[in-house]
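Come along while I look things up one by one.

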Amino acid sequence: MELQEWYKKELEPHMKHNPFFAAVPTVELIDNSTKYNAVLCTPHPFAPGVTGFCKEKHEKKTLKKIDVVEVMNAFNIHTLNQKAVDWAKQLNKGFTAGSDGHTTPELGTALTFGKGNTVEEFLTSLKKRESVAVGKEESLFHKAVISLLKEETYIKKAKEHHEAFRLIESQYGTEATYLKKKEDHERSALLHYFRIHHW
């Protein structure tokens, strides 16, 4: 019930313009979620592109609100999962694992184990850093197949709702914005380097 309430109040209003993407800042989403009986997790914090939580700098007060870090993401590469492990240890946060499953074949490739006989006890064990994250990173071939299945699902949904443009905007628009910001930052850093060392 509480999850449904959170979705309707905190997420759904931000998806009116684009049903495939919630246009809400991460910090705002975290702050709003603390009003509920929730365990806050950062999924794949070092994922490639725009989707990783650590692509932006966050204040200490925001990081304190996070309970657990997804350190084993089956769709991620090993190096980036290891970075998540190191970051979670640095922040003294509990571990979780996730398949990143957008389609049925992906489910079960990564699991989070915790103590407890009830959902409440299990969630408490996550907060107490008593959980164990297990799983396997998918092969490049499997990732390619799953990506095609994912896109097929989204394209079908977009066609049904006549939202093809919104799909393109959500899938590639945010990524393009991130890459543009990164390019601008790197160009600025390069100019700064040349000013110091060559002028």
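This is a predicted model: local features need pLDDT of at least 70, side-chain atom pairs count only at pLDDT 80 or more; totals for chains, interfaces and linings use all residues.

**Entry 1: around H44**

I began with H44 and listed its contacts, leaving out neighbours within four places in sequence: T51, G52, F53, E70, N73, N76 and D100. Contact here means heavy atoms within 4.5 Å. Residues are numbered from 1 along each chain as its sequence is written, and side-chain values use heavy atoms, with hydrogens and water left out.

Where does H44 sit? I found H44 in the loop between β1 and α3. Helices (H or I, at least four residues) and strands (E, at least two) are DSSP runs, numbered from the N terminus. Is H44 buried or exposed? H44 counts as buried, at 15% relative accessibility. For these words I noted the cut-offs: buried is under 20% relative accessible area, exposed is over 50%, and partly exposed is in between, with a 1.4 Å probe and protein chains only.

**Entry 2: G52**

Next I picked G52 from the contacts of H44. G52 also lies in the loop between β1 and α3. Its relative accessibility is 7%, so G52 counts as buried. Not counting residues up to four places away in sequence, I see G52 touching H44, P45 and A47.

**Entry 3: aromatic rings**

How many aromatic pairs does the structure hold? I counted two. Rings of Phe, Tyr and Trp (its six-membered ring) pair if their centres lie within 6.5 Å; planes under 30 degrees apart are stacked, over 60 edge-to-face, and the rest tilted.

F46 and W87 make an edge-to-face pair, 6.1 Å centre to centre with 90° between the planes. This pair links distant parts of the chain, with F46 in the loop between β1 and α3 (60–64) and W87 in helix α4, 41 residues apart. I looked up burial too: F46 is buried at 16% relative accessible area, and W87 is buried at 11%.

Why is the pair of F53 and W87 called tilted? Their ring centres are 6.0 Å apart and their planes stand at 50°, so the pair is tilted. F53 is in the loop between β1 and α3 and W87 is in helix α4, 34 residues apart, so this pair too links distant parts of the chain. F53 is buried, with a relative accessible area of 10%. Together, ring pairs join F46, F53 and W87 into a cluster.

I then traced an open sheet of three strands, in the order β1-β2-β3 with parallel pairing. Two strands pair if DSSP finds at least two bridges between them. Its edge strands are β1 (41–42) and β3 (94–98), each pairing on one side only. Strand β2 (residues 68–73) runs parallel to β3 and is joined to β3 by five bridges. Which residue of β3 is the bridge partner of E70? I found T96.

Helix α4 (residues 78–91) lies across β1, β2 and β3 and runs at about 160° to β2. Axes are lines fitted to C-alpha atoms, for helices over the stretch in contact, and angles run from 0 to 180 degrees between N-to-C directions.

In helix α1 (residues 2–11), I marked W6, E10 and L11 as buried. Seen down the axis of α1, they fall within an arc of 70°, so they line one face of the helix. The arc is that of the directions from the helix axis to the C-beta atoms. On the other side of α1, Q4, K8 and K9 are exposed. Part of the cover over the buried residues of α1 comes from α2 (26–33).

In α2, the buried residues are I30, N32 and S33. Their arc is 165°, so they line one face of α2. Their cover includes α1 and α3.

**Entry 4: the chain as a whole**

Finally, I stepped back and noted seven helices and five strands in the protein chain. Of its 199 residues, 30% are buried.
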